[in-house]
Amino acid sequence: MKEHLLDVRDLRVSFDTYAGEVQAVRGISFHLDLGETLAIVGESGCGKSVSMQTMMRLLPMPPARLKSGEILFEGKDLALLTDKEMEDYRGKEFAMIFQDSMTSLNPTMRVGNQMCEGIMRHQKVSKEEAKKIAIDMLAQVGIPNPEAAFRHYPHTMSGGQRQRVMIAMALSCNPKILIADEPTTALDVTMQAQILDIMNKLKKTYDTAIILITHDLGVVAQMADRIAVMYAGEIMEAGSAREIFYQPSHPYTWGLLGAMPNMIQDVKSELYTIPGTPPDLYAPPVGCPFAARCEYAMEACLKEEPPKFVTDGGHVSRCWLHDERAPEVTPPAGIPALKKGVKVDE
Amino acid sequence: MKKYILKRFFISLITIWLIATCCFFLLRTLPGNPFATQQLLSPEMQERMMEYYGLNGPLSEQYLTFMKNLLHGDFGSSLKYTGQSVNGIIASTFPVSAQLGLQAYLISFPIGILFGIIAARNRGRTIDYSLVAFSVLGVSVPVFVLASLLQYIFAIKLQILPVALWSSMKHTILPTITLAIGSIASKTRLMRTLMLEVITEDYVKTAKAKGLPAWKIVWNHQIRNAIIPMIPSLGMEIVSILMGSFVVEQIYSVPGIGAYFVNSVRSLDYTMTLGLTVFLAIFVVTANFIIDLIYGLVDPRIRVTK
């Protein structure tokens with residue numbers, strides 16, 4: 001089997017709090033290849049940001065704790081590195097863009113200097129060269145008059161401009177992986193489209209792999225090659241974008257897709273929502289974490305955690321409905337019938 | 001920028017005028033007169049003294065005279081210290097207080113900030129707890145207790161520093177430390193809190209994601225942002241540390257301005273109280289003005305456009 005650029009296996013992250021252990025990420029595995037975009041979708045609190053920030057080692061530890069898991073980057077396990085060694089990877093191999101561009105830049109520093117910091121850290125170049133690289137990157141993300149922008153303070157720029165600066169900053173050291181944590185959530189729709197275009201364009205230019213964290217399925221459709229659907233700290237379903245959108249096979253994914261507003265829908269009809277709330281991760285449920293909200297739940301779902309079932313190719317779903325013994329169910333309108341899968345051991 | 005400075009200058013003048021005026025009339029509402037406290041003076045004598053210092057005429061007339069002199073920078077002569085002008089007393093005592101205050105300030109500012117940063121960086125560890133304990137002690141132990149303690153240890157037991165007086169650099173050490181400790185303590189606490197607030201900011205995460213080493217994140221991204229809310233308080237502190245070291249000056253027999261200020265109020269030395277108050281007001285207003293300009297240097301968001 002060929003080696004993936006990034007191969008995460010059974011990642012578990014917990015927070016130790018006064019009230020007890022919060023199991024934020026409960027054993028997720030995924031992989032990523034060069035030039036590929038993986039979208040991680042799921043509702044707030046499902047552990048998508050936590051797992052990414054654990055990989056980058058951005059979370060304060062304690063309270064956060066990496067319980068187990070391998071983070072293989074080009075075959076090397078990042079989980080075993082010291083904090084000091086990890087600094088060489090952050091910004092160089094992995095770069096990250098955050099959700100809120102308004103607060104992600106230091107308000108008391110010129111944006112150019114903030115960019116140069118990272119460039120000089122990783123590329124061992126002089127201040128002048130770093131400045132040249134920074135201005136070139138600013139131009140590439142479509143900032144008008146990049147020389148002037150280099151000297152601007154963040155507060156003089158709009159949200160979209162700042163997010164462009166963030167992207168320019170993230171890509172200035174030519175990282176192999178760009179982690180974008182809800183990069184467009186804080187932006188209006190037109191700006192959102194422009195930012196996504198820029199990301200797609202730069203991805204092609206530099207062959208960067210992107211991990212896109214979002215809860216916006218519209219963004220996913222525009223960007224993703226593969227999708228992982230997360231819920232309660234686990235990946236419920238993973239597959240190619242085509243598979244997830246046209247052959248979704250987990251009831252949670254059905255719910256997510258159903259909750260998306262669409263243009264055809266009757267204006268007067270109410271928008272579908274998944275009933276209930278996600279489980280408390282202080283004490284995760286015994287069986288399937290989604291069982292309590294799932295209209296297809298069976299007795300087995302409450303008793304035993306479903307294993308992974310492979311339906312076809314790389315399409316994996318964690319649901320008992322794929323088991324041979326499960327009854328046939330009718331998915332919501334517009335979604336093709338469920339396939340039985342082959343149970344895989346983890 | 002020029003316009004802003006001019007505007008601020010004008011507002012400062014009005015502020016000082018208001019303070020002088022309020023102070024003038026408030027002082028006069030106090031019962032008694034400056035000479036009633038000196039027991040040996042007969043009522044006729046007191047009357048003659050009042051006449052001599054021009055305190056008998058209508059209040060409005062006195063006020064105008066006071067203002068006229070003030071415009072010439074003349075605070076008048078003291079009613080209590082015969083033959084001495086208020087200006088002369090300020091000129092001889094203020095430099096002493098200023099030196100003491102400035103020394104204490106220059107020590108406490110960097111140390112307080114440094115302690116705050118160290119405590120915040122090591123949150124929850126022994127060093128943090130020790131620094132917090134120190135700052136609680138430093139804030140709550142009264143200055144006179146601390147001063148006596150230092151005198152006892154360094155001057156009497158160890159005999160390495162003079163007990164009191166003000167004649168050489170060595171004499172300044174104990175009063176400076178006494179004054180600095182309280183200030184270090186309060187700054188440590190404030191800076192610690194501010195640093196802990198900044199640590200959770202998104203831009204700190206961004207800096208970390210860039211792969212910057214920890215010291216660089218602290219230096220470039222945390223300190224400068226943490227210090228911003230501290231700046232306005234610095235102006236007031238300069239003033240209080242320059243003028244308000246009365247207790248310390250008393251204990252160490254430092255010939256500073258503090259004793260004159262307190263005594264002038266007690267003995268109803270109108271001109272002295274007024275003079276010192278207006279002097280202090282000018283000082284506060286100027287310090288705040290300078291602090292506002294520095295504020296803009298540190299935080300570009302409030303920088304005045306050119």
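Me: Start with chain B. What pattern does chain B follow along the sequence?
Reply: Chain B reads α-α-α-α-α-α-α-α-α-α-α-α-α. That comes to 13 helices and 0 strands, where helices (H or I, at least four residues) and strands (E, at least two) are DSSP runs numbered from the N terminus.

Me: And where does this come from, and how are things numbered?
Reply: It is a predicted model, where local features need pLDDT of at least 70, side-chain atom pairs count only at pLDDT 80 or more, and totals for chains, interfaces and linings use all residues. Residues are numbered from 1 along each chain as its sequence is written, while chains are lettered from A and ligands numbered from 1 in the order in which they are written.

Me: What is the mean pLDDT of chain B?
Reply: The mean is 80, and 94% of the residues of chain B reach 70 or more; pLDDT is the predictor's confidence in each residue, from 0 to 100. Within chain B, helix 2 (residues 43-52) is lowest with a mean of 72, and helix 5 (residues 126-140) is highest at 88. For the model, ipTM is 0.79 and pTM is 0.74.

Me: What does chain B span along its principal axes?
Reply: Its C-alpha trace spans about 85 × 60 × 30 Å. Of the 306 residues in chain B, 33% are buried, meaning 20 or more other C-beta atoms lie within 10 Å of a residue's own; exposed is 12 or fewer, partly exposed is in between, and C-beta atoms are placed from the backbone.

Me: Now the contact between the chains. How many residues does each one put in?
Reply: Chain B puts in 19 residues and chain A 24, with a contact meaning that C-beta atoms, placed from the backbone, lie within 7 Å. On the chain B side, the elements giving two or more residues are helix 8 (202-209) and helix 9 (214-227). Helix 8 of chain B gives the most, with 6 residues.

Me: What classes do the chain B residues there divide into?
Reply: There are 6 nonpolar, 5 polar and 8 charged on the side of chain B that touches chain A. Here Ala, Val, Leu, Ile, Met, Phe, Trp, Tyr, Cys and Pro count as nonpolar, Asp, Glu, Lys and Arg as charged, and the others, Gly among them, as polar.

Me: OK, chain A. What's its secondary structure?
Reply: Chain A has 11 helices and 13 strands. Its radius of gyration, taken over C-alpha atoms, is 21 Å, close to the 20 Å from the globule rule for 346 residues, so chain A is as compact as a globular protein of that length. That rule is 2.2 Å times the number of residues to the power 0.38. Buried residues make up 45% of chain A.

Me: How is chain A divided into domains?
Reply: Domain 1 is 6-224 and domain 2 is 230-344, with bounds from an automatic or database domain assignment. Their C-alpha centres lie 29 Å apart. The contact takes 21 residues from domain 1 of chain A and 16 from domain 2 of chain A.

Me: Which element has the largest share on the domain 1 side?
Reply: Strand 2 of chain A, with 9 residues. By class, that side of domain 1 of chain A has 12 nonpolar, 6 polar and 3 charged residues.

Me: What about strand 6 of chain A, which way do its residues point?
Reply: A:Phe94 and A:Met96 point one way from strand 6 (residues 94-97) of chain A, A:Ala95 and A:Ile97 the other way, and all are buried. Strand 6 runs parallel to strand 7 (residues 177-181) of chain A, joined by 4 bridges. A:Ala95 sits opposite A:Leu178 in strand 7 of chain A.

Me: Last one: is A:Val344 buried or exposed?
Reply: A:Val344 counts as exposed, because it has 10 C-beta neighbours inside 10 Å. A:Val344 is in strand 13 (residues 342-344) of chain A and, leaving out residues up to four places away in sequence, touches A:Pro307, A:Lys308 and A:Val310.

How values were computed:
Two residues are in contact if their C-beta atoms, placed from the backbone, lie within 7 Å. Two strands pair if DSSP finds at least two bridges between them.
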